[in-house]
Amino acid sequence: MANVDIEVGVGGGESETRPTNKTNKWWPWNTEEPKKSDVEILLVCKGKGEEFSRKPSPSIYLIRSSDQKVKPKFFDPQVVSIGPLHREEETLKKFEDQKTTHLHHLLGKMNDKPHIVLDKCLEKVKASIDRIRECYGETITYTDSDLAKMMVMDACFILDFLFLSKELRRLKSRNAILTHSIFRDLVLIENQIPFFVLQNIFDCTISTIQTISLTSGVLEHLQFLIPFKGVRYNCVSGTTHPHHILGLLQKCFYPPSCIEPTCPPLKVPNHCALDLDKAGVKFKPNKEDGNNPWPLNIDFNSSSSAFLSWCRGNNTLTIPELHIDDYTELFLRNVIAYEQCTPDVPDYITSYVCAIDMLIDTKEDLSKLVESKVLTNHLGSNKDATKMLNRISKQFVFEEFYYTEEWKKLNDYYKGYVPRNMALLKSTYFSSPWTIIALFAGVVVFTFSIVQAILRIIKY
């Protein structure tokens, strides 16, 4: 077979002539062995895919939101970078000197010399550097040495900030806004280090001078960010292995035993709080007790007879109490992102937010839940709080729902003859003072007409 000359441009300069013998390996469209080369390429991809699938699922991610107004506000740190994902941002680099101050403050409290403590910390971190890399959903380009130093610095900063530096913060800065911004940054899904790293550094430092555990100490200092109040968090013991600080806060709301999710919430009949109220449903905050050990439990109690249930008022939906403030949306968005991005984490808080969203369509629905003390609104107007809760639900896909049975009970009750018609009666004749007055006047006129007709019959 004759050779054909092909001109190939090199670097934008003069072209060079190469033979096109089909047996040459450089020729990508080799017609003699096309299937073999293509199959080999695909098999290599398959092998890489299988290797990737065997790796542990990451738990620290960059959240890519379609709404660019949402992402920077609720997922990006404002003051301090923790871990490698935001390390190169210019606005956060200025705080690195503050980390050094906290590091020296922590080392100054230790019984051993600083270089001995740091050597122990680095040794533990370097021993698990591959495991650390696997915790991140993004490729980490830092060298092992730089990543290890970063982990030690950030862990020491967190531990000193939470456990030791109350006096230091008071001396260095009286800026309460800055302090609370740092607390806020510590619970962001993009701003985490693995919890086992934090535990290793804790064992080398804080545990040598204090008897408190890492989990209880973190919860003690960060619980003010959690919007669920009025319940006792499940015991997060030393045997618990959360992914990171945000994962620890999420684990506080696990049920005592595993609960299987049911169908997605879109398949569950939905009725807003105002309609349920008109049908005779009462709302009550959930108080944890021996019969109800799950902090996020939602329960609907009703008599077997819809008529008796409506007459007695024995139809109550108990819901965990939610405090709405400036931190609520940030906390819920990051926990939901963590639950939805991490395969082995159940969507408990996601499911709760979905249930609240199903109950609230308008500010009147939220007002009813506030009146029932299920919600406490410190955000501003009920309209703003309603928009915030509805907005959270639009950003994520809810594939698991843990309250299907309760919503089915609600729907069965609402579809009953008495509740449905009493709801219609209330909305028609008792929706405002004027309709009540009009109804009362109509009843009086009707009664007077009947009495007058009876008197005429008796007269004749």
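**Figure 1. Surroundings of Y352 in the predicted model.** Y352 touches F228, L296, I298, I319, P320, E321, L322 and Y403, leaving aside residues up to four places away in sequence. Contact means heavy atoms within 4.5 Å. Y352 and W407 have the most contacts inside the largest nonpolar core, which has 116 residues. Such a core is a set of buried Ala, Val, Leu, Ile, Met, Phe, Trp, Tyr and Cys residues joined through side-chain atoms within 4.5 Å. α7 gives the most to this core: 14 residues. This is a predicted model, numbered from 1 along each chain as its sequence is written. Local features need pLDDT of at least 70, side-chain atom pairs count only at pLDDT 80 or more, totals for chains, interfaces and linings use all residues, and side-chain values use heavy atoms, with hydrogens and water left out.

**Figure 2. Helix α7, residues 144-164.** α7 has 21 residues and reaches 29 Å from its first C-alpha to its last. The expected value is close, at 30 Å for 1.5 Å a residue; expected span is 1.5 Å times one less than the number of residues. Helices (H or I, at least four residues) and strands (E, at least two) are DSSP runs, numbered from the N terminus. α7 is mostly covered, with 16 of its 21 residues buried. Buried means under 20% relative accessible area, exposed over 50%, partly exposed in between (1.4 Å probe, protein chains only).

**Figure 3. Crossing of α7 and α9.** The axes of α7 and helix α9 (residues 176-185) come within 12 Å and cross at roughly 125 degrees. That makes the pair oblique. Axes are lines fitted to C-alpha atoms, for helices over the stretch in contact, with angles from 0 to 180 degrees between N-to-C directions. Under 35 degrees counts as roughly parallel, over 145 as roughly antiparallel, 65 to 115 as roughly perpendicular, and the rest as oblique. The crossing is left-handed: the near helix is turned anticlockwise from the far one by less than a right angle. F157, F161 and L162 of α7 meet T179, I182 and F183 of α9.

**Figure 4. Crossing of α15 and α16.** Helix α15 (residues 328-341) and helix α16 (residues 348-359) have axes that come within 8 Å and cross at roughly 125 degrees. The two are therefore oblique to each other. Their crossing is left-handed. L332, V335, I336, E339 and Q340 of α15 make the contact with Y348, I349, T350 and V353 of α16.

**Figure 5. D277 in helix α13, residues 273-278.** D277 counts as partly exposed because its relative accessibility is 25%. D277 and D365 are 88 residues apart in sequence, yet 9.3 Å apart in space, C-alpha to C-alpha.
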